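Try each task on your own, then follow the solution step by step.

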Amino acid sequence: PNSRSTGSFFKNPVVSGEKFFEVEGLAEEASVPHFPAGHGMEKIPAAWLIEKAGFHKGFCLGNAGISTNHSLALINRGGASAAEILDLKDLIVSGVASKFGIELVPEPIFVGFGMTHR
């Protein structure tokens with residue numbers, strides 16, 4: 001089932017140094033992984049944010065889930081509709097925003113959806 005994925009589903013967010021320090025304060029561990037993104041900006045791994053927001057590898061929502069190999073890969077566990085994948089995406093985006101105040105942006109290009117869809 002881990003082979004039925006879109007690959008990396010979310011882009012690693014780039015945040016200001018100020019926002020990074022805020023995330024550090026919200027984190028429940030001593031160090032938040034990050035990479036300099038230039039001009040005082042920091043890139044935080046989306047996979048880390050997803051896991052720290054409570055979405056572990058193997059998390060499922062109906063027939064859609066997070067890969068047991070990598071928390072950035074959303075998978076079709078068998079028979080998942082596009083709506084189920086999008087519901088899981090929305091749940092993850094909402095959870096990360098609620099915990100850290102960062103909106104994850106999907107990496108795939110959605111084909112066949114209206115401009116106002118999610």
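**Exercise 1. Find out how confident the predictor is, for the chain and for its elements.**

Step 1. This is a predicted model, and its mean pLDDT over the chain is 91. A pLDDT of 70 or more is reached by 94% of the residues.

Step 2. Now go element by element.

**Exercise 2. Work out the strand order of the open sheet of four strands, and say which strands stand at the edges.**

Step 1. Reading across the sheet, the order is S1-S7-S6-S5, and the pairing is antiparallel.

Step 2. S1 and strand S5 (60–61) each have a single partner strand, so one side of each has no neighbour in the sheet. These two are the edges.

Step 3. Take a closer look at S5: two bridges join it to S6. Leu61 is found opposite Ala64 of S6.

**Exercise 3. Describe the largest nonpolar core, then follow the contacts of Ile50.**

Step 1. This core has 28 residues, and those touching the most other members are Phe10, Ile44, Ile50, Ile92 and Leu104.

Step 2. Helix H1 (17–26), helix H2 (46–52), strand S6 (64–66) and helix H3 (82–100) each give at least two residues to the core. H3 has the largest share, with six residues.

Step 3. Set aside the neighbours of Ile50 within four places in sequence. Ile50 is then in contact with Phe10, Phe55, Ile66, Ser71, Leu72, Ile92, Val96 and Leu104.

**Exercise 4. Is Glu42 buried or exposed, and which side chain of opposite charge is nearest?**

Step 1. Locate Glu42 in strand S4 (residues 41–43).

Step 2. Glu42 is buried. Leaving out residues up to four places away in sequence, Glu42 touches Pro13, Val14, Val15, Phe20, His34, Phe35, Pro36 and Ala37.

Step 3. The nearest side chain of opposite charge is that of Lys43, 10 Å away. A salt bridge needs a nitrogen and an oxygen within 4 Å, and Glu42 has none.

**Exercise 5. Where does His39 lie, and why does it count as exposed?**

Step 1. His39 belongs to the loop between strand S3 (35–38) and S4.

Step 2. The relative accessibility of His39 is 85%, so His39 counts as exposed; the cut-off is over 50%.

Step 3. Check the backbone too: phi of His39 is near 55°, a positive value in a residue other than glycine.

Conventions:
Residues numbered from 1 in each chain as written. Predicted model: local features only at pLDDT ≥ 70, side-chain atom pairs only at ≥ 80, totals over all residues. Heavy atoms only, no water. Core = buried A, V, L, I, M, F, W, Y, C linked by side-chain atoms within 4.5 Å. Buried < 20%, exposed > 50% of the residue type's maximum accessible area, 1.4 Å probe, protein only. Contact = heavy atoms within 4.5 Å. Lys, Arg positive; Asp, Glu negative; His and termini not counted. pLDDT = per-residue confidence, 0-100. Pairing = 2+ DSSP bridges.
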